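Subject: Handing over the structure

Dear colleague,

I am passing this structure on to you, and below it you will find notes on what was found. Please read them with the sequence and the coordinates open beside you.

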Amino acid sequence: MAPELELIAGSYEQIAFGYHINTEEKEWTSKAAFTHHAHTASISAVAASERFVATGSKDETIQLYDMRKRIEHGALLQHDGTISCLEFYGTSHLLSGGEDGLICVWSTKKWECVKSFKAHRGHVTSLSVHPSGKIALSVGTDKTLRTWNLINGRSAFIKNIKQNAHIVRWSPDGDKYVAVVEDKVNVYDLETASVIRTVTNPKRISSIKFLNNSILAVAGDDENVRLCDLEKEEWVCEFKAHETRVKAVDSFVMEDYCVLVTASNDGFIKMWKLHLKEELESPTLLGEVNTTARLTCVAVWKPSSVPQTAEEPVAEATTSKELIQELLKTKRVRIAAEEVILEDESKPKKKKKRSGK
């Protein structure tokens, strides 16, 4: 039986689109599953979990859509400014970052904001949760890269990077991370928190996605997608994906191959078949969807592929130093620790969730 699979895309036209993908034929076909017009400004971020799709917008709200019941699930109101990034951790939590400099941690059980902290003096431009769910990275317009202890909501480490990074991502194994500044991908060593290698894209980078622990898909302000082997520090594949610039990329794994999903200003979402082997060959087109909209972001909803995680992260470690020692044991990850005490986050929040009807 073919896996359940839908593509979710946000647009300048304020609409989120969902398309069910039929993978049983050689050429994959699509069928419109839903349109969600809950925002009053363009959509800037999208994320999907086992049950929910979350979209963030320039209208300062996060809108939720229940994929199981196929209904709107209300809005989350905590940010003052554009929602710049969203990421689910398994099924239990959603993290959001915004132009107000805040990072909010939401529990999906009752959709409460369980933590909210001032992450950057400027905008939060990107965030990424470690595979363990215990720490997160963020970058912002204050020219810093920050590591967060998600158990106590405190800063574990602050790195001044001299430029504004607009994307940050952990590798799937959690043993390294990358930060993107304009057209450069900087790969960081966790032990020294310093850049160990840099690869440069011909154009400013708009989106990246780890396909495995060493191959990174990179989309820039042109119609091409490039694949980089971060260990070899070289570009290993390049292909024309769209007629205009590629805005977003995502991926998922089928039985014995990877599927790269690309979304563009030209309105198309495309799915590319890619075998991740020693000698990478150009991917083949599996199928495409014409949304007729100007797309801004894309996510894959594939319930069977979402990792199941505990409702709450294991919380024996409470300080950043204890947490890092715990990660050292499990992932052999070492991060330089500098405790920074933030303001008390237990105070009542000014804004509350607005329930869906």
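Four strands form an open sheet in the order 24-25-26-27, with antiparallel pairing, where strands (E, at least two residues) and helices (H or I, at least four residues) are DSSP runs numbered from the N terminus, and two strands pair if DSSP finds at least two bridges between them. At the edges of this sheet are strand 24 (246–253) and strand 27 (284–290), each of which pairs on one side only. From one strand to the next the twist averages 20°, an angle taken between the N-to-C directions of axes, which are lines fitted to C-alpha atoms (for helices over the stretch in contact), on a scale from 0 to 180 degrees. Within the sheet, strand 26 (residues 268–274) runs antiparallel to strand 27 and is joined to it by six bridges, and Ile 269 stands opposite Val 289 in strand 27.

Before going further, please keep in mind that this is a predicted model, in which local features need pLDDT of at least 70 and side-chain atom pairs count only at pLDDT 80 or more, while totals for chains, interfaces and linings use all residues. Residues are numbered from 1 along each chain as its sequence is written, and side-chain values use heavy atoms, with hydrogens and water left out.

A second open sheet, also of four strands, has the order 3-2-1-28 with antiparallel pairing. Its edge strands, strand 3 (29–36) and strand 28, each pair on one side only, and neighbouring strands are turned against each other by 25° on average, direction ignored. Strand 1 and strand 2 pair in the antiparallel sense over five bridges, and Gly 10 has Ala 16 in strand 2 as its bridge partner.

Ile 21, leaving aside its neighbours within four places in sequence, is in contact (heavy atoms within 4.5 Å) with Leu 5, Leu 7, Trp 28, Thr 29, Ser 30, Met 271 and Val 289.

Strand 4 (residues 43–48) and strand 5 (residues 52–57) pair in the antiparallel sense over five bridges and form a hairpin with three residues between them, in which Ala 48 has Val 53 of strand 5 as its bridge partner. Strand 22 (residues 224–229) and strand 23 (residues 234–240) likewise pair in the antiparallel sense, over six bridges, with Asp 229 opposite Glu 234 in strand 23. Four residues lie between strand 22 and strand 23 in their hairpin, and Glu 233 in the turn has a positive phi of about 60°.

Two loop residues are described next. Ser 171 lies in the loop between strand 16 (167–170) and strand 17 (176–181) and is buried, with a relative accessible area of 1%; apart from neighbours within four places in sequence, Ser 171 is in contact with Pro 131, Lys 176, Tyr 177, Phe 210 and Asn 213. Leu 276, in the loop between strand 26 and strand 27, is partly exposed, with a relative accessible area of 32%. Not counting residues up to four places away in sequence, Leu 276 touches Leu 211, Asn 212 and Cys 258, and its C-alpha atom is separated by 8.4 Å from that of Ile 215, which is 61 residues away along the chain.

On the cysteines, the count of disulfides comes to zero, a disulfide being taken as a pair of cysteine sulfur atoms within 2.5 Å. Cys 228 is buried, with a relative accessible area of 0%, and Cys 297 also counts as buried, at 7% relative accessibility.

For the chain as a whole, there are one helix and 29 strands, and buried residues make up 56% of the 357 residues. Of the contacts with a separation of 6 or more, 46% are between residues 24 or more positions apart. The accessible surface comes to about 15900 Å², of which 46% belongs to carbon and sulfur atoms, with areas taken from the Shrake-Rupley method with a 1.4 Å probe and, for residues, only the protein chains shown counting as cover.

Terms used
Buried < 20%, exposed > 50% of the residue type's maximum accessible area, 1.4 Å probe, protein only.
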